Amino acid sequence: QVQLLESGGGLVQAGGSLRLSCATSGRTFNTYAMAWFRQAPGKEREFVAAITWSGSSTDYADSVKGRFTISRDNAKNTVYLQMNSLKPEDTAAYYCNYLRGWPRDAFDAWGQGTLVTVSS
């Protein structure tokens, strides 16, 4: 059974930073690319960042490029999202997932997400 457990969200002022973590199980982590997505209130889920199984390549949405960094630790089956220079428009629930297609084709099962709120 696939499990995705996101954590690290919270309330932060604009310009601040947060580091999200996603602990996974149920798939062979080090054979899958991983990605972060987010869903703001009243909007559809959107792609944020992706990383290949080895960590050698990454991809970012234009809206977060230069501010967010995705990374992974294959020994811990965990993927991270370092978010710097946060903006109010980054407010959303953030989700991680395994990818079945690069860079944003995710599997159907999702975790509970972690909520990020950026105040102006």
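Here is a friendly conversation about a predicted model, taken one question at a time.

Reader: How many salt bridges does a search of the whole structure find?
Author: Let's start with the overall picture. One of the salt bridges pairs Arg-38 with Asp-90, and another pairs Arg-100 with Asp-105. Searching the whole structure gives a total of seven.

Reader: How many residues apart in sequence are the parts tied together by Arg-38 and Asp-90?
Author: These two form a salt bridge, with their closest N and O atoms 2.9 Å apart. Arg-38 sits in strand β4 (residues 34-39), while Asp-90 sits in the loop between β8 (78-83) and β9 (92-101). The pair therefore ties together parts of the sequence separated by 52 residues.

Reader: Are Arg-38 and Asp-90 buried or exposed?
Author: A residue counts as buried when its relative accessible area is under 20%, and as exposed when it is over 50%. Both Arg-38 and Asp-90 fall in the class called buried.

Reader: Does Asp-108 count as buried or exposed?
Author: Exposed needs a relative accessible area over 50%. Asp-108 has 63% relative accessibility, so the class is exposed.

Reader: Which residues are joined by a disulfide?
Author: The count of disulfides comes to one. A disulfide is a covalent bond between two cysteine sulfur atoms. Here the S to S distance is 1.7 Å, and the residues are Cys-22 and Cys-96.

Reader: How many residues apart are Cys-22 and Cys-96?
Author: The disulfide joins these two cysteines, and both are buried. Cys-22 belongs to strand β3 (residues 18-25) and Cys-96 to strand β9, so distant parts of the chain are linked across a separation of 74 residues.

Reader: What is the order of the strands in the open sheet of four strands?
Author: Strands in a sheet pair through hydrogen bonds of the backbone, in a parallel or antiparallel way. In this sheet the pairing is antiparallel, and the order is β1-β3-β8-β7.

Reader: Which strands stand at the edges?
Author: A strand with a single partner has one side left without a neighbour in the sheet. That is the case for β1 and β7 (68-73).

Reader: What is the bridge partner of Thr-69 in β8?
Author: Strands β7 and β8 run antiparallel and are joined by six bridges. For Thr-69, the bridge partner in β8 is Gln-82.

Reader: Which residues is Gln-1 in contact with, leaving aside neighbours within four places in sequence?
Author: Gln-1 lies in the segment before β1 (3-7). With a relative accessible area of 83%, Gln-1 is exposed. Setting those neighbours aside, the contacts of Gln-1 are Ser-25 and Gly-26.

Terms used
Residues are numbered from 1 along each chain as its sequence is written. This is a predicted model: local features need pLDDT of at least 70, side-chain atom pairs count only at pLDDT 80 or more; totals for chains, interfaces and linings use all residues. Side-chain values use heavy atoms; hydrogens and water are left out. A salt bridge is a side-chain nitrogen of Lys or Arg within 4 Å of a carboxyl oxygen of Asp or Glu. Helices (H or I, at least four residues) and strands (E, at least two) are DSSP runs, numbered from the N terminus. Buried means under 20% relative accessible area, exposed over 50%, partly exposed in between (1.4 Å probe, protein chains only). A disulfide is a pair of cysteine sulfur atoms within 2.5 Å. Contact means heavy atoms within 4.5 Å. Two strands pair if DSSP finds at least two bridges between them.
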